Amino acid sequence: MGPDEFHDKYPDVPEGGLRNNAYTNVMVAWLCGIAGQLLLPLPASRSEALRMRLGIGDGELAVWQDMSRRMFVPFHGDGIISQFEGYEDLEELDWDAYRAKYGNIQRLDRILRAEGKDPNRYKVTKQADTVMLFFLFRQEELREIFGRLGYDYRADTLTRNVAYYDRRTSHGSTLSFVTHAGVLAAVDPESSWDRFLVALHSDADDIQGGTTKEGIHMGVMSGTLDLMQRNYAGTHVYDGVLHFNPQLPGRLDSLSFSMQFRETPIQVTLTGDHLTLAVPPEGASRPVRVAVRDDVRELCPGDQTVFELSRNPATTGPSARD
C-alpha cells in the first residue's frame with residue numbers, strides 16, 4: 001500500500017498489494033544514494049569501525065548505489081508520474097457528481113463502499129501521494145534524482161503532476177492540505193493560500209466532523225508552521241548557507257517569525273519588497289551565512305541585514321551590517 005491509503009490491491013485480484021509506488025521508489029533511490037555518501041566524510045579508521053559494527057560489507061554498499069540508480073518509476077500520459085504501476089488503467093470518477101450528492105467527500109472510500117463500490121477500481125486518492133515528492137524536494141534535487149534514474153524531469157513536471165493529482169484527491173487527511181499548499185506556493189499562490197487556511201483551521205473548525213474532540217492534529221499544526229517558513233519564506237539550507245526564496249501569497253502582506261540556525265537565533269521579517277534578518281546581540285554563538293539567490297552575507301551577533309527583493313541580487317552588493 002502506498003501513502004494514499006485508498007488502494008491496497010488491484011481490481012478483481014484476490015491477493016493484496018501494489019507494484020512500484022512512485023513515491024516509495026523515488027524515496028528509496030534518494031535514501032540509498034544518501035546512505036552511500038555518509039561514510040565519505042569520515043576518516044578511514046572511523047569508517048571501517050562503523051561498517052564492522054553495523055555489519056556493512058562492500059557488497060551491500062554496492063547494492064545501495066545500484067538501487068540509487070535503478071529504481072523503477074512508472075509514468076503514463078504526457079509526463080505524468082503514475083502513483084503506482086497500473087494506475088493509468090483504473091477508472092475515472094465523476095468528482096462533480098459526488099460533491100454535488102454528498103458535499104464533504106474527504107472520506108470518499110467510505111462513501112464508495114456504502115454504495116457497494118471498491119475504491120481500488122478508481123483514480124481516487126485520500127491524501128497527497130506522488131505530490132509529496134514535490135513537497136519534500138526542491139526542483140533541483142528532483143531533477144538530479146530523476147536524472148540519476150534515467151528519467152526526464154521537464155520544466156513543467158511539477159505543474160502537470162500537481163494539477164493532475166489535485167483533481168483526483170479527496171484530501172481525507174488534514175496533512176494533504178499542507179502538502180498541496182506547499183507545492184502550489186510557487187505556481188499558484190492564491191490556491192496555496194486557500195489550502196493553507198483550511199489546514200490552519202482544521203482543528204478549530206473540526207473540518208473532519210468530530211475528530212477534534214478525540215485529539216488535535218499535531219502534524220498539521222506543525223505543518224502550517226513549516227509551510228510558512230519553508231514555502232512562503234522559502235528557507236532551505238545548502239552548502240552551510242541559510243537560503244531564502246520568498247514567495248508570499250497576494251493575501252499575505254507580511255510575515256515575521258523567529259527561527260534558529262546553527263544555534264543562532266534569527267528574527268525574520270518579510271514584506272513584498274524586503275527581507276530583514278536580525279541576530280540579537282546575545283544568545284548567538286557563531287556567525288552564520290544567509291543568502292537570497294546569489295547574494296550571500298554573513299551575520300554576527302547584533303547584526304541586521306536587509307535584502308531588497310525587487311532588485312536583481314547580482315547588481316546589489318552584499319552588506320553584512322545594514
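**Strands, a helix and a pocket in a predicted model**

Strand 4 and strand 8 (residues 288–292) run parallel and are joined by 3 bridges.

Student: In this predicted model, which residue of strand 8 is the bridge partner of His243?
Tutor: The model is a prediction, and in it strand 4 (residues 241–244) has both of its faces covered. His243 is buried on one side together with Val241, and strand 8 runs parallel to strand 4. The bridge partner of His243 in strand 8 is Ala291.

Student: Which residues of strand 4 are buried on the side away from Val241 and His243?
Tutor: In a regular strand the side chains alternate between the two faces of the sheet. Strand 4 is covered on both faces, with Val241 and His243 buried on one side, while the residues buried on the other are Leu242 and Phe244.

Student: In what sense do strand 3 and strand 4 pair, and which residue of their hairpin takes a positive phi?
Tutor: Strand 3 (residues 236–238) and strand 4 pair over 3 bridges in the antiparallel sense, and Val237 stands opposite Leu242 of strand 4. Their hairpin has 2 residues between the strands, and the residue with a positive phi, near 55°, is Asp239.

Student: Why do the buried residues of helix 7 lie on the same side of it?
Tutor: The buried residues of helix 7 (residues 139–149) are Leu142, Ile145, Phe146 and Leu149. They lie on the same side of helix 7 because the arc they cover around the axis is only 95°. An α-helix has 3.6 residues a turn, so residues three or four places apart point the same way.

Student: What covers the buried residues of helix 7, and which residue follows the helix?
Tutor: The cover for these buried residues includes helix 1, helix 3 (58–70) and helix 6 (131–136), as well as strand 1 (75–76) and strand 2 (80–81). At the end of helix 7 the chain continues with a residue whose phi is positive, near 90°, and that residue is Gly150.

Student: Which residues lie nearest the centre of the largest pocket, and what is its volume?
Tutor: The lining of the largest pocket consists of 26 residues, and those nearest its centre are Arg138, Gln139, Arg230, Asn245 and Gln247. Among the elements that give two or more residues to this lining are helix 7, helix 11 (218–232) and strand 4. The volume of the largest pocket is about 600 Å³.

Student: Is Asn21 buried or exposed, and which residue's backbone oxygen lies 3.2 Å from a polar atom of its side chain?
Tutor: Asn21, in the segment before helix 1 (22–37), counts as buried because its relative accessibility is 9%. Beyond its neighbours within four places in sequence, Asn21 is in contact with residues including Gly2, Phe84 and Asp129. The backbone oxygen that lies 3.2 Å from a polar atom of the Asn21 side chain belongs to Gln83.

Student: How far apart in space are Lys117 and Gly57?
Tutor: Lys117 is found in the loop between helix 5 (108–114) and helix 6, and it counts as partly exposed because its relative accessibility is 34%. The side chain of Lys117 makes a polar contact of 3.4 Å with that of Glu115. Lys117 and Gly57 are 60 residues apart in sequence, and their C-alpha to C-alpha distance is 49 Å.

Notes. Residues numbered from 1 in each chain as written. Predicted model: local features only at pLDDT ≥ 70, side-chain atom pairs only at ≥ 80, totals over all residues. Heavy atoms only, no water. Helix = DSSP H or I, 4+ residues; strand = E, 2+ residues; numbered from the N terminus. Buried < 20%, exposed > 50% of the residue type's maximum accessible area, 1.4 Å probe, protein only. Polar contact = N/O pair within 3.5 Å; in protein donor to acceptor, adjacent residues only side chain to side chain. Contact = heavy atoms within 4.5 Å. Arc of directions from axis to C-beta. Pairing = 2+ DSSP bridges. 1 Å grid on protein atoms, 1.4 Å probe; cavity = no way out; pocket = protein on both sides within 12 Å on 5 of 7 lines; lining within 4 Å. Points joined across faces, edges and corners; volume = space filled by probe spheres on them.
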